[in-house]
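Please view the sequence and the model, and then read the sections in order.

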Amino acid sequence: SGGKTLRSRFVGQRIVQGLVGTSLAIFALSAAYEGLKSFRQWLVMRQTRQHSFYDDLEAGSSEKSPLNRANKRLGRRTRASWKDHSIQTLLHFLQITIAYALMLAFMSYNGWLCIALLLGSASGYFVFAKSREEFADQSDCH
């Protein structure tokens with residue numbers, strides 16, 4: 001009878017350790033999800049600023065033909081846009097994958113996992129939303 005109780009305690013400890021580990025992983029993943037959203041927004045703002053910078057440079061260029069300026073701008077923007085769009089597509093794929101994984105964790109209806117997800121999301125928003133506001137403030141100045 002004593003051996004059975006010891007084994008039950010060991011199994012119980014492993015279950016608790018697994019739940020704590022899973023909760024910490026869900027917390028970190030939901031915080032990282034908020035960081036990824038902020039990073040994507042930062043990339044869009046940076047790309048927008050770069051395009052407007054190049055447009056401003058070309059508007060002041062000394063080339064005589066507006067058609068030549070337009071063709072150069074289109075060529076540069078197409079190459080840059082393809083690269084930027086590819087990066088954004090990969091990040092979107094990652095963001096959606098994480099979102100569905102978090103949704104599955106929440107839909108497990110395990111209270112501890114739901115709490116970990118909500119706390120991780122709130123913590124991630126607290127940390128990363130401030131940087132989103134700073135990005136917006138920087139872009140408004142230009």
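## Contacts of Leu91

Leaving aside neighbours within four places in sequence, Leu91 is in contact with Leu36, Phe39, Arg40 and Leu43; contact here means heavy atoms within 4.5 Å. The model is a predicted one, in which local features need pLDDT of at least 70 and side-chain atom pairs count only at pLDDT 80 or more, while totals for chains, interfaces and linings use all residues. Residues are numbered from 1 along each chain as its sequence is written, and side-chain values use heavy atoms, with hydrogens and water left out.

## Overall architecture

The protein chain contains three helices and zero strands, and its pattern along the sequence is α-α-α. Helices (H or I, at least four residues) and strands (E, at least two) are DSSP runs, numbered from the N terminus. Helix 1 covers residues 2-59, helix 2 covers residues 66-106, and helix 3 covers 111-140.

Of the 142 residues in the protein chain, 23% are buried. Buried denotes under 20% relative accessible area, exposed over 50%, and partly exposed the range in between, with a 1.4 Å probe and protein chains only. The accessible surface of the protein chain is about 10,300 Å², and 66% of this belongs to carbon and sulfur atoms; such areas come from the Shrake-Rupley method with a 1.4 Å probe, and for residues only the protein chains shown count as cover. Among contacts between residues at least 6 apart in sequence, 82% join residues at least 24 apart.

## The nonpolar core

The largest nonpolar core has 11 residues in all: Ile26, Tyr33, Leu36, Leu43, Leu91, Ile98, Leu102, Ala105, Leu113, Ala116 and Leu117. Helix 1, helix 2 and helix 3 each supply at least two residues of this core. A core of this kind is a set of buried Ala, Val, Leu, Ile, Met, Phe, Trp, Tyr and Cys residues joined through side-chain atoms within 4.5 Å.

Leu113, a member of this core, is found in helix 3. At 10% relative accessibility, Leu113 counts as buried. When residues up to four places away in sequence are not counted, Leu113 touches Leu19, Thr22, Ser23, Ile26, Ala105 and Ser108. Leu113 and Leu24 are 89 residues apart in sequence, and their C-alpha atoms are 8.8 Å apart in space.

Ile87 is placed in helix 2 and is partly exposed, at 35% relative accessibility.

The structure holds one aromatic pair. Phe39 and Trp42 form this pair, which is stacked, with 5.8 Å from centre to centre and 20° between the planes. Rings of Phe, Tyr and Trp (its six-membered ring) pair if their centres lie within 6.5 Å; planes under 30 degrees apart count as stacked, over 60 as edge-to-face and the rest as tilted. Because Phe39 and Trp42 are three residues apart in helix 1, about one helical turn separates them. Phe39 is partly exposed, with a relative accessible area of 38%, and Trp42 is also partly exposed, at 27%.

A search of the whole structure finds one salt bridge, a term for a side-chain nitrogen of Lys or Arg within 4 Å of a carboxyl oxygen of Asp or Glu. Lys37 forms this bridge with Glu34, and their closest N and O atoms are 3.5 Å apart. Lys37 and Glu34 are three residues apart in helix 1, so they are separated by about one helical turn. Lys37 is partly exposed, with a relative accessible area of 26%, whereas Glu34 is buried, at 6%.

## The nonpolar surface patch

Ile96, Tyr100, Met103, Phe106, Met107, Tyr109 and Leu118 make a nonpolar surface patch of about 740 Å². Patches are made of residues with over 30% relative accessible area and no salt bridge; like charges are joined within 9 Å, and nonpolar side chains (Val, Leu, Ile, Met, Phe, Trp, Tyr) within 5 Å. Helix 2 gives the most to the nonpolar patch, with four residues.

Tyr100 lies in helix 2 and is exposed, with a relative accessible area of 51%. Tyr109 lies in the loop between helix 2 and helix 3 and counts as exposed, at 63% relative accessibility. The phi angle of Tyr109 is near 60°, a positive value in a residue other than glycine.
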